[in-house]
Amino acid sequence: MAVLTEEQSMLRDAARTWTREKSPVSAFRKVRDSGAPLGYDPAAFAEMAEMGWTGVIIPEEYGGSDFGYLSLGLILEETGRTLTASPILSSALAGASAIILGGTDAQKEAWLPKIAAGEVVATLAIDEGAHHRPNHVAVSASATDAGYTLSGTKTFVLDGMAASVFVVSARTDGAVDGKFGISLFLVPADAKGVSRKALKLADSRGAAIVTFDNVALGADALLGPQNEGWDLLEQTLDRARAGLSAEMLGSAVQAFETTLDYLKTRVQFGQVIGAFQALQHRAAKMFTDLELARSCVESALTAIDNNAPDVKELVSLAKAKMGDTLHLVSNEMVQMHGGIGMTDAHDAGLYLKRARAAEATYGGQSFHRDRFARLQGY
Amino acid sequence: MADFGGDDLETFRAEARDWLSANFPASLKGKGAMMYNEGVTPSNPDFKAWVKAMGDKGWGVPTWPKAYGGGGLSTAQARALQQEMNAVGAWSPIGGMGVMMFGPTLLEYGNEEQKQRHIPPIVRAELRWCQGFSEPGAGSDLASLQTKCEDKGDHWLVNGQKIWTSGAQWADWCFCLVRTDTTKKHEGISFLLIDMRTPGVETRPIRLISGNSPFCETFFTDVRVPKENLVGPLGGGWTIAKRLLQHERSGLAGGGGGGRGNLFTGPISELAKAYVGVDTVGRIDDPDLRSRVIQHEIDAKAFQLTAMRSMAEAKSNSGPNTATSIMKNAGTKVAQDRHELTLEILGAQGLGWEGDTFKAEELAAVRGWLGGKAYTIYGGSAEIQNNIISKRILDLPDPLAATNH
């Protein structure tokens with residue numbers, strides 16, 4: 001665990017207490033079983049907003065606490081432990097980051113206070129295919145007299161059914177895979193021509209496919225520079241990836257601890273199975289990987305807070321290492337629990353399904369390993 | 001020296017810079033890695049002068065107490081000193097087992113007389129120490145050691161054999177685990193200091209797969225040891241040994257940065273680009289190798305960040321620091337992977353045993369690769385480390401509980 005300030009320790013303890021008491025895994029299970037398209041419990045999200053969790057990275061002048069990404073990561077780690085579903089990541093981190101980094105005063109004024117209050121959900125609409133390739137942008141925004149016309153489809157939009165506003169990457173120039181010619185737009189969900197369809201994914205969260213059918217946008221919908229939106233997009237995504245890595249860390253730590261408890265209680269051959277060295281060494285390997293992954297995740301979040309020059313490398317390092325670690329731990333959770341781990345009544349399956357979805361979100365391990373290498377010139 | 005607090009760190013830095021520029025011989029710049037050849041101290045006069053300067057200053061062991069000749073620096077100052085040394089290519093000539101393992105342990109468990117006698121020569125690199133722990137029948141199961149130590153009234157009488165005694169052939173002293181009670185396993189072990197020039201001590205170097213002989217067999221035949229050379233209580237050696245092994249493991253894990261004996265410093269990706277070439281967009285021109293290089297560099301970076309985190313946590317005393325327990329396995333994996341990748345990247349040039357058709361660093365890569373296989377065996381094998389994590393950190397049952405007591 002990183003060295004925390006007193007305020008950060010208090011925030012972490014508050015998040016730990018709340019998630020354990022108010023939002024244990026059984027709460028997520030209830031949301032899943034209800035089949036509600038939002039994919040989270042709005043009442044629980046309102047409580048989180050009440051505690052200030054939706055304003056952690058938002059400047060004070062826009063109603064936030066400006067507490068930084070490491071602080072928000074502490075909350076996400078705790079929500080990750082209990083698989084608490086909420087738009088904290090998609091909106092209070094990713095959507096808010098795009099607006100903080102690229103927004104005009106008017107755009108900030110229009111959206112940040114509402115995001116900080118938990119009144120609106122702002123989410124990224126970036127991906128267009130089965131794999132995260134943020135430079136692959138076919139959704140087009142053609143210039144009109146009044147502004148732009150937006151057309152095309154985005155998929156795997158987190159909390160897309162709940163969102164009031166989308167941060168959409170669209171092509172205003174250049175080739176379909178080119179970094180030049182990408183621009184970001186703030187598109188209200190109730191704009192004419194916006195339609196969405198819930199994506200029913202294995203992790204039971206609220207993702208959506210969002211279609212833009214000749215959506216008329218004013219010139220003030222442009223977020224950041226025209227054609228040169230790639231840097232803003234990358235910076236936004238890196239913040240989202242680091243935050244997601246913190247959530248994944250929490251899920252992995254909990255999956256490991258639950259498994260460890262099982263190793264200490266399940267008796268076979270007249271002894272607890274945790275006495276078998278074959279299992280002990282696999283547990284030790286998981287523990288080792290979790291320690292290494294934690295260092296990467298905390299370094300990435302700290303680098304963002306410090307505006308360090310190596311944010312990109314550290315974020316890709318964190319997402320790749322954390323992804324591998326969660327992958328391992330979620331598989332071992334099922335395997336070490338044996339038959340009970342295969343049942344829907346047990347939590348192992350919930351962690352396993354969430355693991356794969358989180359790994360794929362904002363780029364999987366192979367995407368980030370490749371990016372890590374390219375950034376270092378090989 | 002003044003007691004530099006946080007605000008005075010820059011003052012200390014300036015002093016360190018001045019002192020280094022006055023004392024560090026330019027001819028030794030950046031040669032730190034080259035000195036690791038079986039522990040032989042070069043007779044080079046610049047090297048000797050540098051040893052003397054660092055020894056007198058106590059900066060080879062910057063955080064050890066001044067009372068015993070150490071630098072007396074805070075950890076922040078020691079870090080600043082290291083940074084200043086790195087900046088000018090300076091390196092500490094004071095090393096070995098005395099610095100890495102025995103000194104810190106003696107400072108903790110030795111009596112005042114023992115510290116006054118044995119610490120200053122380590123600080124000044126005047127005496128070399130070796131470690132008499134393993135025996136032919138006591139490797140991973142170290143506590144089953146049998147070297148016998150009998151109380152003869154005015155002296156101890158030691159008989160037995162040690163193995164894997166690093167640098168015993170050059171050592172002046174040996175810190176040794178001996179059996180003082182055959183009726184108890186762990187509580188029958190004591191920690192004894194033996195002068196290697198005592199009659200009855202004999203060393204035989206063991207030739208390893210790397211062609212080097214960094215380890216010896218050491219035989220003790222009716223060796224008389226003064227009573228005052230017992231460290232800690234009679235039968236209390238196991239506790240001291242465990243502490244010493246922690247120092248050893250944290251030191252060994254440090255190899256994770258590069259791996260000893262590997263003269264190719266810098267990122268392994270650069271070596272791969274140089275030997276394997278790049279494709280049209282600058283990637284290593286072998287996708288399979290590239291993906292393994294990436295994985296390695298991710299592991300290396302994760303290890304480095306964990307070492308930094310562990311240090312920061314230790315400094316802040318923010319609670320139990322569990323990260324340290326994983327450092328040996330994580331670090332040795334990185335170091336061994338680096339050796340393997342280096343060899344693979346060099347191709348046929350990475351198979352040379354000797355001769356002038358190979359560059360010195362190519363030959364060193366082969367020897368380093370072979371020598372590196374020991375990383376996961378010595379200082380508690382990788383398997384023993386996993387046992388320790390399972391038992392002490394994860395609180396899983398000890399499968400050997402029945403045989404250990």
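This is a short tour of a predicted model, with stops to select one after another in your viewer.

**Stop 1: the largest nonpolar core**

Start by selecting A:Leu150, A:Phe185 and A:Val187. Among the 159 residues of the largest nonpolar core, these three touch the most other members. Now colour helix H7 of chain A, residues 230-265: this helix gives the core its largest share, 16 residues.

Keep A:Phe185 selected and look around it. Which residues is A:Phe185 in contact with, leaving aside its neighbours within four places in sequence? The list is A:Ala141, A:Tyr148, A:Leu150, A:Val168, A:Ala170, A:Leu217, A:Ala221, A:Leu222 and A:Leu223. Apart from this core there is another one, of 60 residues; B:Val61, B:Ala125, B:Leu193 and B:Phe215 are among them.

**Stop 2**

Most residues other than glycine have a negative phi.

Select A:Asp159, in the loop between strand E3 (147-158) and strand E4 (165-171) of chain A. A:Asp159 is not a glycine, yet its phi is positive, at about 50°. Is A:Asp159 buried or exposed? A:Asp159 counts as buried, because it has 27 C-beta neighbours inside 10 Å.

Next, move to A:Ser204, in the loop between strand E6 (194-199) and strand E7 (207-218) of chain A. A:Ser204 is not a glycine either, and has a positive phi of about 60°. With 23 C-beta neighbours inside 10 Å, A:Ser204 counts as buried.

**Stop 3: a glycine in a loop**

Find A:Gly64 in the loop between helix H3 (42-50) and helix H4 (69-81) of chain A. A:Gly64 has 22 C-beta neighbours inside 10 Å, so it counts as buried. Not counting residues up to four places away in sequence, A:Gly64 touches A:Gly55, A:Val56, A:Ile57, A:Ile58, A:Pro59 and A:Ala116. Try the distance tool on A:Gly64 and A:Ala116: these residues are 52 apart along the chain, and their C-alpha atoms are separated by 5.7 Å.

**Stop 4: a pair of helices in chain A**

Two packed helices are described by the angle between their axes and the distance between the axes. For an example, select helix H9 (residues 311-337) and helix H11 (residues 365-375), both of chain A. Their axes come within 8 Å and cross at roughly 150°. Because of that angle, H9(A) is roughly antiparallel to H11(A). The crossing of H9(A) and H11(A) is left-handed.

Show the side chains where the helices meet. H9(A) brings residues including A:Leu317, A:Ala320 and A:Asp324, while H11(A) brings residues including A:His368, A:Arg371 and A:Phe372. By class, the residues of this contact between H9(A) and H11(A) are four nonpolar, four polar and six charged.

**Stop 5: where the chains touch**

Now show both chains. In this contact, 33 residues of chain B meet 30 residues of chain A. On the chain B side, helices H7 (268-276), H8 (287-316), H9 (327-346) and H11 (382-393) each supply at least two residues. Which helix gives the largest share of the side of chain B that touches chain A? H8(B) does, with 13 residues. That side of chain B has 17 nonpolar, ten polar and six charged residues.

**Stop 6: an exposed alanine**

Finish at B:Ala22, in helix H1 (residues 9-23) of chain B. B:Ala22 counts as exposed, because it has 8 C-beta neighbours inside 10 Å.

Notes: Residues are numbered from 1 along each chain as its sequence is written. Chains are lettered from A and ligands numbered from 1 in the order in which they are written. This is a predicted model: local features need pLDDT of at least 70, side-chain atom pairs count only at pLDDT 80 or more; totals for chains, interfaces and linings use all residues. Axes are lines fitted to C-alpha atoms, for helices over the stretch in contact, and angles run from 0 to 180 degrees between N-to-C directions. Helices (H or I, at least four residues) and strands (E, at least two) are DSSP runs, numbered from the N terminus. Angles under 35 degrees count as roughly parallel, over 145 as roughly antiparallel, 65 to 115 as roughly perpendicular and the rest as oblique. A crossing is left-handed if the near helix is turned anticlockwise from the far one by less than a right angle, and right-handed if clockwise. Two residues are in contact if their C-beta atoms, placed from the backbone, lie within 7 Å. Ala, Val, Leu, Ile, Met, Phe, Trp, Tyr, Cys and Pro count as nonpolar, Asp, Glu, Lys and Arg as charged, and the others, Gly among them, as polar. A nonpolar core is a set of buried Ala, Val, Leu, Ile, Met, Phe, Trp, Tyr and Cys residues joined through C-beta atoms within 7 Å. A residue is buried if 20 or more other C-beta atoms lie within 10 Å of its own, exposed if 12 or fewer, and partly exposed in between; C-beta atoms are placed from the backbone.
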